[in-house]
Every structure is written in C-alpha cells, then in structure tokens.
Amino acid sequence: MKISRFTRYLIVFILVLLSTTTLSYTRSIRAQEPPQVQITQPEPNPVVPESIFMSQLPPSARLVDIRTVNPNIRLDIRYATTNNFLKRKLYPISKCALRSSVAQQLGLVQTDLEKIGLGLKVYDCYRPFSVTKQMWQAWPDPRYVANPARGSRHNRGAAIDLTLVDRTGKELEMPTPYDDFTEKAHGDYQGGSAESRKNRQVLKNAMKKHGFIGITTEWWHFDSEDWQKFAILDISLGTIP
C-alpha cells in the first residue's frame, strides 16, 4: 500500500511532537526531584608527632618515671609483656612515664588512697605514637584504640590506665579485667557484683579529686584535665630517665 507524501509528513510531525512532549515531561519530573548531593567526610590532617628533647621543655611538661615521684605506685605495664590484647610485646622496658605535672597529680592520688589502706596499680601511661599505629592496625575500633590520624592522650603523656590494690598489692574486684572490649567495661555498667561497682566508684572519686577525668568505655582509663596542652610524642620509653 502506497502512502501519500502528505501522510508521510503527518506521521513524521506526530513522532516529533510525541518526542518533544516526552522530553519536556521528563525534564519537568526531574526538576521536581531533590538534587542528589554526595557528602564526603573530610579526612583529618594526619598527626605528626613532635621531635623534641625533654630538656627543651619546661620542667612541668617533661616526661618522668612515676617511680621517681611516688615509688609506692605499683606497676603492671602490660604492653611490655605479651599479656595484652595483641599478645605481643610492644614496649622495650616496663616503665610508667608521664608529664611531670600529671605524675605529681597521680602521686597525690596514691597518698590519699594509702590513708584508707588502698593504692594504685598502673597498666599503661605514656605510649609512643608508633605503638598507637601498631594497635590501630590490629584493632581499628575508635571506642577502644585511638585513631593515629588524631593521636592518643596516652601519646601526650597525660593518660593513665590503672586499678586499685589493697595493702598487699592484690587487685580489688572490678567489673572486668583490663582491656576488656565489651560493654561490661563501660563506666556506667550496672551489672556485675555490687563490690565491683563500689570499687570502680572509689577509683573514679579518688582520680577526680586530683584532676583526672574518666571515659565512657573503659573504667580503667583516666585523662589529666589539661591533656590538650601537651603535644603528641614518639619518644622511646628507653630514653626517658
């Protein structure tokens, strides 16, 4: 069947009209849709630890061995052993180093506790930045291990992990052992025994009295209130007198 020229023109006109109408409708629909915006979280600038000699710092900011401030504080530096969550030795020696002013504060906590027949046992103090990077590679959970992109308060020599002991050095009952990465280790955990919760509160009160603040996820961790004024360091524990 032959199609007349007029018919062919009419068919082409109808097709063009339909195409234009469809395109206009699609544009109208898209204009009503909210724009798709891709939001990216900017990565923090990587931390660069300071390279300094202790002699360049004012006396209150220098790292010191806690035993030179108060030798009655007991040590159980877990990262100088394999008895830790990584099951490997991370420190060359067993030493609790802190900024001098922070060490003085901790010494006062020990003195106060001795009046009621108790004392402190320390698990960790200053932590070199390079060790924090090793921990993050093994356990990248910011609730329990500091992200090296921001650094740790341990890297500043202004944080302590510790517990309470009696006169003989025996640890008091706490809700969990050290480095327990569960909700039972949280500061507001209401399970466990009444004795463990009482001991946790005694520790918190004693630390708070001398300028230390706890964190929500670890009953054993305390920061000096002025931790922000100290820089992140990557000095080997073996070089600290």
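This is a predicted model: local features need pLDDT of at least 70, side-chain atom pairs count only at pLDDT 80 or more; totals for chains, interfaces and linings use all residues.
Ser-152 is buried, with a relative accessible area of 6%; buried here means under 20% relative accessible area, exposed means over 50%, and partly exposed lies in between, using a 1.4 Å probe and protein chains only. Residues are numbered from 1 along each chain as its sequence is written, and side-chain values use heavy atoms, with hydrogens and water left out.

**Around Ser-152**

Ser-152 sits in the loop between helix H3 (129–138) and strand S5 (159–166). Helices (H or I, at least four residues) and strands (E, at least two) are DSSP runs, numbered from the N terminus. What does the side chain of Ser-152 reach? At 2.9 Å lies the backbone nitrogen of His-154. Leaving aside neighbours within four places in sequence, Ser-152 is also in contact (heavy atoms within 4.5 Å) with Arg-127, Thr-132, Ala-146 and Ile-232.

**The whole protein**

Stepping back, the protein has four helices and seven strands, which follow one another along the sequence as α-β-β-β-α-β-α-β-α-β-β. Of its 241 residues, 44% are buried. Among contacts between residues at least 6 apart in sequence, 73% join residues at least 24 apart. The protein exposes about 14,300 Å², and carbon and sulfur atoms supply 55% of that area, computed by the Shrake-Rupley method with a 1.4 Å probe.

**The sheet**

Five strands form an open sheet in the order S2-S4-S5-S7-S6, with mixed pairing. S2 and strand S6 (212–214) stand at the edges with a single partner strand each, so one side of each has no neighbour in the sheet. Two strands pair if DSSP finds at least two bridges between them.

| Strands | Bridges | Direction |
|---|---|---|
| S2 (residues 74–75) and S4 | two bridges | parallel |
| S4 and S5 | six bridges | antiparallel |
| S5 and S7 (residues 221–224) | three bridges | antiparallel |

Arg-74 stands opposite Lys-121 in S4, Val-122 stands opposite Leu-162 in S5, and Ile-160 has Phe-222 in S7 as its bridge partner. Strand S4 (residues 118–124) is mostly covered, with seven of its seven residues buried.

**Helices on the sheet**

H2 packs on the sheet, touching S4, S5, S6 and S7, and its direction makes about 145 degrees with that of S4. Helix H4 (residues 194–209) lies across S4, S5, S6 and S7, running at about 125 degrees to S5. For these angles, axes are lines fitted to C-alpha atoms, for helices over the stretch in contact, and the angles run from 0 to 180 degrees between N-to-C directions.

Helix H2 (residues 100–114) has 15 residues and spans 21 Å from its first C-alpha to its last, close to the 21 Å expected at 1.5 Å a residue. Its buried residues include Val-102, Leu-106, Val-109 and Leu-113.

Most residues other than glycine have a negative phi. Lys-87, although not a glycine, has a positive phi of about 60 degrees, and Asp-179, also not a glycine, has one of about 55 degrees. Are these residues buried or exposed? Lys-87, in the loop between S2 and strand S3 (97–99), counts as exposed at 60% relative accessibility. Asp-179, in the loop between S5 and H4, is buried, with a relative accessible area of 13%.

Methods. The expected span of a helix is 1.5 Å times one less than its number of residues. A polar contact is a pair of N or O atoms within 3.5 Å; within protein, one must be able to donate a hydrogen and the other to accept it, and residues adjacent in sequence count only if both atoms are side-chain atoms.
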